Amino acid sequence: MARRLVIFVPAITGRTTAWDTLRRRLAELDGYRKPDCDRVVVPQDGLGYKNGSVTKLTATAGARIHEHWVAAGGYDEVVLVAHSLGGLVLRQAYLSALGVNGMHERRPWAGKVDRIVLFASLNRGVDVSWHRAWWLPPMAWCVRVLPVLRRWLVHDLLRGSDFITNLRITWIREINTQDHPPLVVQYIGTKDNLVTSDDSSDIHLFPTGWQEYLADADHNNLLRLDIAQDPDARFKLIANAFITPRGPAAVPEIGTPGKQIVILLHGIRAGNTTWVNDLKELLKAEDPGIEVVGATYGRFSARKFILPVTRRKYVGWLGDVYAEHLAKNPKATFHFVGHSNGTYLLGHSLSRIPGMRFHRVLLAGSVLPPSYDWTKRVDQGQVAQIRNERAVRDIPVAILCAGLRGFGMRDIGTGGVVGFDDDLAVKTEVYYHPGGHGAALEAPNLRRIAQYVLHGTSERPSGLRRAPARSFSLLSRLAAPLFILLGLGAFTGIVCFGLYGPWTPEINSLAAICALLAVFIAFDVA
């Protein structure tokens with residue numbers, strides 16, 4: 001008789017006692033009886049759910065499994081069972097034990113995982129919306145204001161978080177390299193308000209896995225046989241995941257082999273109805289099989305871009321868009337064309353999500369700093385080719401981004417005007433397009449951009465300028481101190497008004513300048 005180890009991991013608020021009835025019923029099944037089967041619950045307190053990130057919980061759970069494996073001298077099969085957050089913990093622990101992407105030293109138990117049974121696992125993370133939970137939107141806002149809060153456990157659970165997105169991407173890619181992956185089953189309660197069928201999209205990659213609904217069950221009680229209206233019927237459904245033989249077939253081919261996917265991402269004060277549509281038509285005309293994703297986060301004003309809390313809002317969103325399309329085409333080659341704020345989202349997504357990969361990247365009017373580490377992105381295999389298109393009179397990059405850096409905002413910069421510091425053979429700097437912020441994406445240039453995306457050609461456009469005007473370059477260099485002076489002036493004016501009453505003519509003039517600047521920002525003409 002094969003020796004089997006069954007590992008149970010509860011939810012973030014779950015107690016190990018919630019598993020008692022199910023564990024007793026499982027002990028009645030062939031292959032799950034003592035002494036041939038050891039059933040181990042990794043308790044909530046043992047994982048320390050109330051402190052640290054999911055990554056820490058993963059390390060703890062993986063160590064516990066390894067300890068039981070070594071103590072017993074190994075097993076013939078391992079079954080992983082988890083509820084809610086526990087599903088994320090076990091999936092990540094499994095990938096780490098496989099040694100994927102150098103996450104961890106490979107553990108022998110990973111090669112013996114026969115099946116993974118999930119109960120309402122938060123596979124895609126929790127959507128940040130009021131109807132999910134009243135505290136989610138305020139908490140997500142606080143995380144953007146104070147990045148240090150990203151270390152909190154609850155942040156890792158949000159859809160689009162670095163942890164969730166990287167887990168999904170790594171999971172999808174790993175499954176498609178296995179000749180005989182484990183069976184994976186997800187159970188969802190019909191009254192669950194946190195998890196939906198979309199949370200099982202990654203599981204559909206498994207040839208013998210499935211998703212099952214449990215009637216009259218919510219997120220917390222779907223595994224509670226002791227309170228189910230029909231315990232026997234519910235257990236019969238659950239038992240299928242433990243006794244159904246794992247199919248002999250390898251993972252089927254999902255998506256179209258050799259498919260190319262291009263993500264086009266607009267910038268501030270724009271949408272995907274301008275150059276995005278025109279470039280999409282050019283790409284589709286030359287390659288009808290290509291998939292062009294005109295991603296959009298809606299109209300994003302310069303006022304929102306200025307504030308770090310709103311500027312960071314959609315970094316996780318881009319990672320989620322990438323993961324969704326990867327799930328449908330796990331072996332596709334991805335490319336990216338972005339403008340302005342779209343380049344910001346790409347750069348910071350790549351930094352935070354190591355699993356994200358693009359073959360060709362084209363940046364126009366980039367707001368990333370010149371010191372952005374493209375060398376690391378290339379060395380890690382995240383980007384193969386980079387093309388940075390720069391304009392001769394790019395005011396948002398040369399003035400606005402340069403000025404904001406005077407306030408310590410180092411996540412943005414003037415890479416779209418002065419170029420990037422990295423000296424890479426795979427990086428091409430194209431400068432200077434005559435015109436302003438969107439000059440590189442004007443109609444005459446789009447066909448050339450399409451050729452770069454499809455074939456990697458390095459054709460340079462005609463009519464490029466040598467350099468920006470001296471006065472423009474000087475204004476860019478002075479932008480930071482000027483912005484600081486304006487900020488200090490506004491602060492001084494407020495203090496003086498509070499201390500001394502009516503403003504002097506000089507302060508009135510300074511206040512008028514600051515007010516004018518605020519009006520420009522508010523109406524998106526800055």
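**Figure 1. Salt bridges across the predicted model.** A search of the whole structure finds 18 salt bridges. The structure is a predicted model. Side chains of opposite charge can pair when their charged atoms come close.

**Figure 2. R352 and D162 form a salt bridge.** The closest N and O atoms of R352 and D162 are 3.0 Å apart. This pair links distant parts of the chain. R352 belongs to helix α13 (residues 341-352), D162 to helix α7, and 190 residues separate them. R352 counts as partly exposed because its relative accessible area is 22%.

**Figure 3. Helix α7 spans residues 162-175.** The helix has 14 residues. From first C-alpha to last, α7 reaches 20 Å, close to the 20 Å expected at 1.5 Å a residue. α7 is mostly covered, with 14 of its 14 residues buried.

**Figure 4. E389 forms salt bridges with R387 and R448.** The closest N and O atoms of E389 and R387 are 3.0 Å apart. Between E389 and R448 the N to O distance is 2.9 Å. The pair of E389 and R448 links distant parts of the chain: strand β11 (residues 383-391) holds E389, helix α17 (residues 443-455) holds R448, and the two are 59 residues apart. E389 is buried, at 0% relative accessibility. R387 is buried at 1%, and R448 is buried at 7%.

**Figure 5. R124, R168, D320 and E324 belong to one salt-bridge network.** Salt bridges that share partners join these residues.

**Figure 6. H219 and its surroundings.** H219 sits in the loop between β6 (210-214) and α8 (231-243). H219 counts as buried because its relative accessibility is 7%. A 2.8 Å polar contact joins the side chains of H219 and S84. Leaving out residues up to four places away in sequence, H219 touches H83, S84, A120, L122, D192, L194 and V195. One of these contacts, V195, lies in the loop between β5 (183-189) and β6. V195 is buried, at 2% relative accessibility.

**Figure 7. Leucines form a nonpolar surface patch.** L474, L475, L478, L482 and L485 make this patch of about 440 Å². L474 lies in helix α18 (residues 470-500). An α-helix has 3.6 residues a turn, so residues three or four places apart point the same way. L474 counts as partly exposed because its relative accessibility is 42%.

Technical notes
Residues numbered from 1 in each chain as written. Predicted model: local features only at pLDDT ≥ 70, side-chain atom pairs only at ≥ 80, totals over all residues. Heavy atoms only, no water. Patch = residues over 30% accessible without salt bridge, like charges linked within 9 Å, V, L, I, M, F, W, Y side chains within 5 Å. Areas by Shrake-Rupley, 256 points an atom, 1.4 Å probe, with all protein chains shown as cover. Salt bridge = Lys/Arg side-chain N within 4 Å of Asp/Glu carboxyl O. Helix = DSSP H or I, 4+ residues; strand = E, 2+ residues; numbered from the N terminus. Buried < 20%, exposed > 50% of the residue type's maximum accessible area, 1.4 Å probe, protein only. Polar contact = N/O pair within 3.5 Å; in protein donor to acceptor, adjacent residues only side chain to side chain. Contact = heavy atoms within 4.5 Å. Expected span 1.5 Å × (residues − 1).
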